[in-house]
Amino acid sequence: MSQVNQNITSGDIPLVRLDDVVPADSKVFVLKSDTQGHEFGVLSGARQLLARAKIHVMMLEFWPQGAIENGFDSKNLLDLLHEYGFFCFDGGYTVYNYWGRPRAPYEFNDFLKGVKTPLGGWDDLICSRFDS
């Protein structure tokens with residue numbers, strides 16, 4: 001496995017793709033990304049891992065405004081997740097339910113198909129492939 005320098009204290013931080021550091025034969029039970037609107041970029045660097053259906057559950061920050069500020073369209077993240085067979089739901093539904101968001105994975109995917117921009121804000125998105 002590739003090693004990332006853990007001794008960086010300031011300055012530039014090297015970027016590495018998940019596909020370059022996660023061995024091809026690995027099974028990932030949970031992948032957590034809270035990268036302040038960069039989740040599409042993170043998962044774009046994990047396309048081989050996603051294609052091999054080796055990730056069971058993902059917990060992602062879903063913040064449309066942060067994505068826009070970082071040059072991403074949050075709809076691209078949702079499309080990418082759908083492309084690789086993930087079903088997603090709002091991870092905060094037990095605490096709050098803004099905008100009448102659905103509570104079940106399939107309902108959430110159907111809900112997102114009809115959402116017009118701006119998408120609004122969600123704190124956490126939980127996604128799973130039921131065949132992984």
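Trainee: In which sense do E2 and E4 pair, and over how many bridges?

Mentor: This is a predicted model, in which local features need pLDDT of at least 70, side-chain atom pairs count only at pLDDT 80 or more, and totals for chains, interfaces and linings use all residues. Residues are numbered from 1 along each chain as its sequence is written, and side-chain values use heavy atoms, with hydrogens and water left out. Helices (H or I, at least four residues) and strands (E, at least two) are DSSP runs numbered from the N terminus. Two strands pair if DSSP finds at least two bridges between them. Here E2 and E4 pair in the antiparallel sense over 5 bridges, and Val57 stands opposite Ser128 in E4.

Trainee: Which residue is the bridge partner of Ser33 in E2?

Mentor: That partner is Leu60. Strand E1 (residues 28–33) pairs with E2 in the parallel sense, over 5 bridges.

Trainee: How many residues of strand E2 are buried?

Mentor: Buried means under 20% relative accessible area, exposed over 50%, and partly exposed in between (1.4 Å probe, protein chains only). In strand E2 (residues 55–61), 5 of the 7 residues are buried.

Trainee: Which residues form a disulfide?

Mentor: A disulfide is a covalent bond between the sulfur atoms of two cysteines; the criterion is a pair of cysteine sulfur atoms within 2.5 Å. Cys88 and Cys127 form one, with their sulfur atoms 2.2 Å apart. The pair links distant parts of the chain, 39 residues apart: Cys88 lies in strand E3 (residues 87–90) and Cys127 in strand E4 (residues 124–128).

Trainee: Are Cys88 and Cys127 buried or exposed?

Mentor: Cys88 is buried, at 3% relative accessible area, and Cys127 is buried at 0%.
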